Amino acid sequence: MALDGIRMPDGCYADGTWELKMHVTDLNRDVSLRVTGEIHIGGVMLKLVEKLDVKKDWSDHALWWEKKKTWLLKTHWTLDKYGIQADARLLFTPQHKLLRLQLPNMKHMRVKVNFSDRVFKAVSDICKTFNIRHPEELSVLRKPRDPKKKKKKLEEAEEEALELEGPLLTPGSASEILYIGPVKGSIYSSPGLYSKTMTPTYDSRDGSPLSPTSAWFGDSPLSEGNPSILAVSQPITSPDILVKMYKPQSLLDKAKINQGWLDSSRSLMEQDVKENEVLLLRFKYHSFFDLNPKYDAIRVNQLYEQAKWAILLEEIECTEEEMMMFAALQYHINKLSIMSSDNHMNNSEKEIDEVDAALSDLEITLEGGKTSNTLGDITSIPELADYVKVFKPKKLTLKGYKQYWCTFKDITISCYKSREEAHGTPAHQMNLRGCEVTPDVNISGQKFNIKLLIPVADGMNEIWLRCDTEKQYAQWMAACRLASKGKTMADSSYNLEVQNILSFLKMQHMNPDPQIIEPITTDINPECLVSPRYLKKYKNKQPGFVRDLISGRILEAHQNVAQMSLIEAKMRFIQAWQSLPEFGMTHFLAKFQGGKKDELIGITYNRLIRMDASTGDAIKTWRFSNMKQWNVNWEIKMVTVEFADEPSLAFICAEVDCKVVHEFIGGYIFLSTRAKDQNESLDEEMFYKLTSGWI
């Protein structure tokens, strides 16, 4: 009698084999195979395909272990090495699955993504498909739930309303793209937007691409003269869209949004992402390297869109004058986008050439542009000296500003009672290294204030500087920003920073000559250009009056930007966004060691900030440049950061996995190491080493 069919009490057969249960997702079939622990994964898949006897391309399929949430991708490993026994159930499923990605412009695209790749790699492939350079700046997060919306149907209707009439894209491989929009029913064959025959090349001297963006699309339909899906801004068509969207009401709401970032060192499947699930593709790290309008039409537009929605949804604070400036830029961009929708990309090279000179300095402020040759070599460090009003707020005092003769040398401000005493001992002296610099400006009120929070042993000292003119403000603000980073006015970016501040102020000016303002037309739709907060200010007024009032202010501000080209307007919008005090701040709820209540930890590209959870006021700042190392205790979710000349910082992450916070810190450290090279290759292993915590 043969023993191989006799089953033992432990479930194994007498010949040492046992049944491995598998489910084939494509066929919705359960299959069992007789195996031993010594068979390797590749052999299991081969046996399974033979048993299925279905003629099909199975090359994209792999085994997924549901219980352990693990892809079995090491096909040379045996079942024993993976620890798989008879109680396991495996899925035989495609690695590439459909995702619905919401882009920064709030439109949705259906994309096939590799669910077995780490998220960092998957996002890189998506960005390659979308022709977005520097994918390390982006990632995906889950959509935040609006606690006010209880009806699921409303959310579904919102998503449907924002559906992009665009293609189904498969990153990194040949794919069929089915347009369901302007060219209904047309099917195009695409080798991916980075065609192998059109690989972009870069100048070995400065790393700039040698071929224009349009050459990078290969045979994609997006290269056929009008990549309007991704490179052209689409105006908000109805105020209802803005009303329906989730708006964080507090800093705690903003912190909750950041709980949704996915772990970049694990795959989508490992993080319970389902096929056809909606994920948000966003610029995660606010450090934009080499943002070049010649080669980044899509990247610039998506950045502009993310900035636009952040302002409209009140994710970032701005003054009323700034809001009108942003609205005017939006209005201008919308007009130009509509006018040039048919020939925008055909004329883009000519348009960009015309604004090259104007944008050359702007690129510096957007992390990585070329340094202007006109600056020359600075052999001595410039200084500032002028009368400036200084105010140090104290509790229970109403004392105002006091005028001092102030000198700004290196990174230190010295205050003297008069100009004549400038060679003596200063009445006050402030070292600005590591300080927080915040503008407080009102153009119409001629208020040009600079708020400084200067680190001291027990927290931060608050000092206010008041300037008399825009020029003085621009010079002192630029010097303060550089000094906070440990840089002096000898730095090549100082003069450019001054000019950018002056340009930012100029765009907020109201035009003194109302005769040149164009008549108010119905196409301006102010409800789609400003955030709801500024509409609520006039809630007791007649709707028609409010509409005309805000439209008039937008058109007035539009005079300052009316001569800009489309690409320049978008770049100016991004630059203005970067100038806002809260730009690039990612908040997380945390409990600090020694603290009694929940506070906020704010993370930016160059520092950590301890903040009051209710007011958002900075309590203490720590610069990455002064950081020695950071560690994570994964059991108690505690992050510890050690500094060169300061006490260590320790905090426990509340309501968020400390891996998310750890990845932000490591991610910004990784981005700070970037340099232009010929092939723009990314050191993925270095990213994982700095962000994953266990490699």
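## Where the helices meet

V300, N301, L303, Y304, A307, K308, A310 and I311 on helix α8 touch I567, K570, M571, F573, I574 and W577 on helix α15, with contact meaning heavy atoms within 4.5 Å. By type, that contact splits into eleven nonpolar residues, one polar and two charged.

The model is predicted, so local features need pLDDT of at least 70 and side-chain atom pairs 80 or more, while totals for chains, interfaces and linings use all residues. Numbering starts from 1 along each chain as its sequence is written, and side-chain values use heavy atoms, leaving out hydrogens and water.

## How they cross

The axes of α8 (residues 297–312) and α15 (residues 566–579) come within 9 Å and cross at roughly 50°. The crossing is left-handed.

## A covered strand

Strand β21 (residues 599–603) has five of its five residues buried, meaning under 20% relative accessible area with a 1.4 Å probe, protein chains only. E599, I601 and I603 point one way from β21, and L600 and G602 the other.

## Its partners

Strand β20 (residues 586–592) pairs antiparallel with β21 over five bridges; pairing takes at least two DSSP bridges. H587 sits opposite G602. Six residues separate β20 and β21 in their hairpin, and G594 in the turn has a positive phi of about 90°.

Strand β22 (residues 607–611) is also antiparallel to β21, joined by four bridges, with I603 opposite L608. β21 and β22 make a hairpin with three residues between them.

Terms used:
Axes are lines fitted to C-alpha atoms, for helices over the stretch in contact, and angles run from 0 to 180 degrees between N-to-C directions. Helices (H or I, at least four residues) and strands (E, at least two) are DSSP runs, numbered from the N terminus. A crossing is left-handed if the near helix is turned anticlockwise from the far one by less than a right angle, and right-handed if clockwise. Ala, Val, Leu, Ile, Met, Phe, Trp, Tyr, Cys and Pro count as nonpolar, Asp, Glu, Lys and Arg as charged, and the others, Gly among them, as polar. Buried means under 20% relative accessible area, exposed over 50%, partly exposed in between (1.4 Å probe, protein chains only).
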